[in-house]
Amino acid sequence: MSTAGQKIDEVEAAVERLVSQSLADLRADFPALDQQVNGHPLAYLDNAATTHKPRQVIEAVANYYERDNSNVHRGVHELSQRATLAFEAAREKVRAFINAASKDEIVFTRGTTEAINLVANAWGGEGVAAGDEILITELEHHSNIVPWQMLAQRSGAVVKVAPINDAGELELEALADLLSPRTRMVALNYVSNTLGSINPVAEVVRLAHDAGALVLVDAAQATPHLAVDVQELGCDFLAFSGHKVYGPTGIGALFGRAELLEAMPPWQGGGDMIEQVSFSGSSYAHPPARFEAGTPNVAGVVGLGAAIDYLECAGIERVATHEHELLNYAEGRLREIPGLRIVGTAAEKTGAHSFVVEGVHPHDIGTVLDSFGVAIRAGHHCTQPLMERLGLVATARASFALYSNHDDVDRLIDALLKLTELFGDG
Ligand code: PMP
């Protein structure tokens, strides 16, 4: 049994190892990457859908179940106290990861989708009136469209949509024109999951605040690739998912400015979110507990904490530089493929290239590439209105992570060349 001192030494040694390793060496930390698919080594380029997990995250989750498994915030016994400490320590890691002012501004959710639904219900339930406006953009994922449409249906509010140009960049002037005294919320993604466009979020926040509106940032595709700082952005809410930053599925976080969370009613009732319950009525706990009814995903939270530790050791700036270089390399190589068109050519991009190949349905691209062990995504990427705007039904998308390398891109290109041979002469 290791003592606390030994444990600290072990952790420090692991951190030292991570920090001193090159990103290329870190690939070995991800067991799922080391496998054959359809007789080929896996080239995993579907990271915008979900990332693989390093051993450090898998072990943190296993250790939690093996040693500390217990309910949080309730028991006085040793295991419950350990679980609670680990749970709250992870909240502090999330706070630091996005530079929130206080860890009370961090609510654990199932992911980005649940975080947005939480705001649309709890914030939206209070005082969004008929005729009020919610402004989103053409780039949004369904999870940043549908909850607002549902709120609009309940309240009589109106959902307006800011346009993009053909490159997939937000039209800022048009967005500014759509802001009005009735705009209550501007909800937009930081990075488009389909096109990889990086939105000028700080600028949008300034415009929205000048118009008296709040801003919710869907950072699901930003946190894996960029340093995200909620205070620098000035946003009011921000959501992200653990599974896209090398953490477990089913866990994510909502940041909300303290005074906003404090003023919001709960959206789910149950254990852990109350102050006092009687049959004549109940009073509610302060945030973040007010928004965390029921037994939380403790193992997920612990795994998310380990994932944030991992990403910080890898160095988000170093990851961003590496991925940027790879994105450029991939762009150059994709242009070698006859009949291929990159969809989404914003000046500021990260994480992904969407593309179409003349005469080949994106699903066929995905299927043929899979037969060569190359995993990409094909479809509407949960952005059907964006597809409609682009005049497409689907695209193929290759998306990158810190462990992606030139070999993955070369494998993608080789498989695409074979695809064009297959489909070439009809
Ligand atoms: N927003 C964006 C931009 C996304 O890429 C995704 C996931 N594809 C989501 C929201 C939803 O995230 P989750 O499914 O983890 O809740």
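The model is predicted, and local features are given only at pLDDT of at least 70, side-chain atom pairs only at pLDDT 80 or more, while totals for chains, interfaces and linings use all residues. Residues are numbered from 1 along each chain as its sequence is written, and side-chain values use heavy atoms, with hydrogens and water left out.

**The seven-strand sheet**

Seven strands form an open sheet in the order E4-E10-E9-E8-E7-E5-E6, with mixed pairing. Strands (E, at least two residues) and helices (H or I, at least four residues) are DSSP runs numbered from the N terminus, and two strands pair if DSSP finds at least two bridges between them. The edges are held by strand E4 (106-109) and E6; each has a single partner strand, so one side of each lacks a neighbour in the sheet. On average, neighbouring strands of this sheet are turned by 20 degrees against each other, direction ignored. Such angles run from 0 to 180 degrees between N-to-C directions, and axes are lines fitted to C-alpha atoms, for helices over the stretch in contact. Helix H8 (residues 201-210) packs on the sheet and touches E7 and strand E8 (214-218), its direction making about 160 degrees with that of E8. Contact here means heavy atoms within 4.5 Å.

Within this sheet, strand E5 (residues 133-137) has five of its five residues buried, so the strand is largely enclosed by the rest of the structure. Buried means under 20% relative accessible area, exposed over 50%, and partly exposed in between (1.4 Å probe, protein chains only). Glu133, Leu135 and Thr137 point one way from E5, whereas Ile134 and Ile136 point the other way. E5 also forms a right-handed β-α-β unit with helix H6 (residues 146-155) and E6; right-handed denotes that, with the strands pointing away from the viewer, the path from the first strand over the helix to the second runs clockwise.

| Strands | Bridges and sense | Residues opposite each other |
|---|---|---|
| E5 and E6 (residues 158-162) | five bridges, parallel | Glu133 and Val158 |
| E5 and E7 (residues 183-189) | three bridges, parallel | Glu133 and Thr183 |
| E14 (residues 352-357) and E17 (residues 395-399) | four bridges, antiparallel | Phe355 and Ala396 |

The loop between E13 and E14 contains Thr350. Thr350 is buried, with a relative accessible area of 10%. Not counting residues up to four places away in sequence, Thr350 touches Val191, Gly196, Ile198, His225 and Leu327.

**The pair H3 and H11**

The axes of helix H3 (residues 55-68) and helix H11 (residues 298-314) come within 8 Å and cross at roughly 145 degrees. Residues making the contact include Val57, Ala60 and Tyr64 of H3 and Val302, Ala306 and Tyr310 of H11. By class, the contact of H3 with H11 has eleven nonpolar, two polar and no charged residues. Ala, Val, Leu, Ile, Met, Phe, Trp, Tyr, Cys and Pro count as nonpolar, Asp, Glu, Lys and Arg as charged, and the others, Gly among them, as polar.
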